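Subject: Structure handover

Hello,

Here is the structure I promised to pass on. Please open it and keep it beside this email as you read.

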Amino acid sequence: MLKEHGYLTPFNDDWTSSIFLSQDMVAIESVAYDFLSAEYNGSFTNSKQKVSYPLLKGTTDYLRQAASSEYWPEGISYDPENDGIPINSLGVNEHWNNKIDKQYSRNLGYEEGIELIFIDNNLKVLNAPTNVTLELVNQTDVKLIWQDNSNNEDGFLIEWKDTVSGSNYEIIDSVGANEISYIDSTVKMYPSYIYRIAAFNNSGYSNYSDPIIITDIIITDIQKKYIVNDFRLYQNYPNPFNPSTTISYSIPEKQNVTIKIFDITGSEITLLKNKFQQKGSYEINFDGSDLTSGIYFYTLQAGNFSKTKKMILLK
């Protein structure tokens, strides 16, 4: 509607960011009416008559009728499937408690009715990383570089799959916000892999970057990952996880091993391991059922060796 003709644009001139989504069209129109009636508090004159819509009496009678057959004229029945079972309601019609609180039945704790959920105006869509390039380092490691197209991510997920076995993509690691490179030193079992990257935050994930392939990786020893000749703390898998994940590590000599979990503030959450262990490779499970979604850290301490990695709990 045009202002110069005496009409008002809806939602305080911010209609492009006021979007109602529902599978119930009656509920959508009910909520839309509440917003319009709250914002419009007068009347105007068009070229023919003085109008006080949308506060005109009877404006929403059609919504009441769509919501309940109690308001239908006598003798009217709606059976679009012709199965002998009439439909008595096309949706939910109700109005909020007041224009300040804007609460409907479900907002007030009832099991049925409308629930109005406001989306944070500061929530921004995560854009997928682009311009990913790969570079082979030392014939076995792969360096990834990408363009960061978001400014509200918590980090990036690095995924890969080999081109031989027909496996699905797996998360191999994650990096923090604003990072634009990563070196994958994971032991390779095949000479070529496909990589892709996605941004993430507590609200979800971006689309993935276009997949990119690297070839000619040198497999020097297919059993390398089973040989323990140094201290290693591996990225947990799966990551992100819900609610449990596996942490793997290896030690080249007998040591007292501790594994601790910390939250984003650096506070210790739990002590997973504290015992002497012989040389070898080990796995331990971490269950985050009692924790909230977010970023956590796990630290391996063995003798003079200490290593920390990040993991993400997404419920």
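This is a predicted model: local features need pLDDT of at least 70, side-chain atom pairs count only at pLDDT 80 or more; totals for chains, interfaces and linings use all residues.

**The three-strand sheet**

Look for strands S11, S12 and S15. They form an open sheet in the order S11-S12-S15. The pairing is antiparallel. Strand S11 covers 232–233 and strand S15 covers 280–287. Both stand at the edges, each with a single partner strand, so one side of each has no neighbour in the sheet.

Now take S11 with strand S12, residues 244–251. These two pair over two bridges, in the antiparallel sense.

**The four-strand sheet**

Another open sheet has four strands, in the order S14-S13-S16-S17. Here, too, the pairing is antiparallel. Strand S14 (268–277) and strand S17 (305–313) are the edge strands, and each pairs on one side only. From one strand to the next, the twist averages 15°.

How many bridges join strand S16 and S17? There are nine, again in the antiparallel sense. Strand S16 runs over residues 294–302.

**The salt bridges**

Side chains of opposite charge can pair when their charged atoms come close. The structure holds four salt bridges. Three of them are described here, each taken in turn.

Arg 196 and Glu 159 meet through their side chains, at 2.9 Å from N to O. This pair links distant parts of the chain, 37 residues apart. Arg 196 lies in strand S8 (residues 193–201), and Glu 159 lies in strand S5 (residues 155–162). Is Glu 159 buried or exposed? Glu 159 has a relative accessible area of 5%, so it counts as buried. The cut-off for buried is under 20%.

Next, Asp 230 forms a salt bridge with Arg 232. Their closest N and O atoms are 3.6 Å apart. Asp 230 is partly exposed, at 31% relative accessibility. Arg 232 is partly exposed as well, at 30%.

Last, find Glu 268 and Lys 260. Their side chains meet in a salt bridge at 3.9 Å, N to O. Glu 268 has a relative accessible area of 44%, so it is partly exposed. Lys 260 is partly exposed too, with 30%.

Best wishes

Terms used: Residues are numbered from 1 along each chain as its sequence is written. Side-chain values use heavy atoms; hydrogens and water are left out. Two strands pair if DSSP finds at least two bridges between them. Axes are lines fitted to C-alpha atoms, for helices over the stretch in contact, and angles run from 0 to 180 degrees between N-to-C directions. Buried means under 20% relative accessible area, exposed over 50%, partly exposed in between (1.4 Å probe, protein chains only).
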